[in-house]
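Have a look at the structure first.

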Amino acid sequence: MANIDVLLPKMGESVAEATITTWLKEVGDKIEEDEPIVEIATDKVDSEVPAPVSGILVEKKYNEGDVVEVGAVFAIIGAEGEETVVNVAPQETVVEEKVEEELMAPIASNDTIAKSGSNGQFFSPLVRSIAQKEGVSQTELEQIQGTGQGNRVTKRDILSYLENRSDVQVQKVESKPAAQPKAEAAPAPKPQVANKYPVKAGPNDEIVEMDRMRKLIATHMVDSVQTSPHVTSFVEADVTNIVMWRNKMKDEFLKREGEKLTFTPLFMEAVIKALKDFPMVNSALDGDHIVIKKDINLGMATALPSGNLIVPVIHNADQLNLTGLAKKVNGLANNARNNKLSPDEIQGGTYTVTNVGTFGNVMGTPIINQPQSAILALGAIRKKPAVIETPQGDTIGIRHMMFLSHSYDHRIVDGALGGSFVKRVADYLEQFDINREL
């Protein structure tokens, strides 16, 4: 068998590259087909790459910490027992050829950062994207000391530079000659929250470095509130029928399906119905155009043991019955907690639901998961005295009540639509048939 090139697979829409975090095999190790070779990390998720064939790991093209583009050869597998030449270190010539190919590639008209600097330094798509987003010029980018293979600037390098960028910019301004001709104004960089209000640690304080996922969450949250004008509408719903029905059916459901019946799929079912009634809520803004999504792909915000948050997606949720929703919810939640989500399982969401009631919160003001137009927070279910309307007149009884908090992008969704949507969700919950069969 000839040597087999192992390519970095496509890992979902908008993911162009990944960082090698851990090699699981060393050169010379025997590998079985579908056995994981390496652990990788993207902006979306961490995952493993399996071997396409059985054999011996002949060569590793990249080191841990290197950025690899989708479709690139990152390892070579040879046949077991055949005469093979193993290369322990990544081949610099391969990297040089790759850089030359990148230099020959045309640069998009809207790409203000070149793929290579004046000194031949290569900049990956992710680094260039961050530089453009943060207003880092080509000249400024070339001054960053790279720690990657071939002295390339990694994502970690540019993020580290941005953390200390304010002081660097001040020094540049002070040293700028007075006779310097006025240049065309560059786009203003986004404010760096961490540097805007410096914090001095005291002798008794503990300093904890943010992990990669927490940094991504922080960036996404800031981007979201800077992108969309958020409005939040609140509705209180009587979910007594749902609570009583679930208590009655959960043991039978577990016995029949081998799955726990939580409240989440019951709430998701109501959200799906409301999205069909108000399709504009299931939309996204693309420039001056509103894209109304026909597929209903529900994101479910899930807390991880680390304290971080991830949003797996139930694709085509409207095509699933209650049993299907329950199994999908349980499966995604388990995969999330065990760090086994595939890239496809966190892509393509059109609307997100988050359950703040899990932490005992009665309501919240969730931040939109861009580029979606809205997100719904489910509060804790609590027993409360409530007025009950009966044919014989009003009476007071103990009911199971919960708040629904609906945050939406006011560029797309007006108050009437956003408020009507969350009220419709509450109506579906309150109208739940307590005699419903599984």
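## Confidence, cores and a sheet

This is a predicted model, and its protein chain has a mean pLDDT of 82, with 80% of the residues at 70 or more.

| Stretch | pLDDT | Contacts in the model beyond near neighbours in sequence |
|---|---|---|
| Residues 88-111 | under 50 | 28 contacts, beyond four places in sequence |
| Residues 168-194 | below 50 | 17 contacts |

Now for the inside. Which residues have the most contacts inside the largest nonpolar core? They are Val271, Leu298, Tyr351, Leu404, Phe421 and Val425, in a core that counts 54 residues. Helix 9, spanning residues 264-277, puts in the largest share, with eight residues. Take Val271 on its own: leaving aside residues up to four places away in sequence, Val271 touches Leu298, Tyr351, Val353, Leu376, Phe421 and Val425. Apart from this core there's another one, made of 18 residues, including Val49, Ala51, Leu57 and Ala75. As a general point, nonpolar side chains in soluble globular proteins tend to be buried together.

Four strands make up an open, antiparallel sheet, ordered 1-8-6-3. Strand 1 (4-7) and strand 3 (30-31) are the edge strands; each has a single partner strand, so one side of each has no neighbour in the sheet. What joins strand 3 to strand 6? Two bridges do, with strand 6 covering residues 55-60 and the two strands running antiparallel. Within strand 6, Ile56 is the residue that Lys30 stands opposite.

Definitions and conventions. Residues are numbered from 1 along each chain as its sequence is written. Side-chain values use heavy atoms; hydrogens and water are left out. pLDDT is the predictor's confidence in each residue, from 0 to 100. Contact means heavy atoms within 4.5 Å. A nonpolar core is a set of buried Ala, Val, Leu, Ile, Met, Phe, Trp, Tyr and Cys residues joined through side-chain atoms within 4.5 Å. Buried means under 20% relative accessible area, exposed over 50%, partly exposed in between (1.4 Å probe, protein chains only). Two strands pair if DSSP finds at least two bridges between them.
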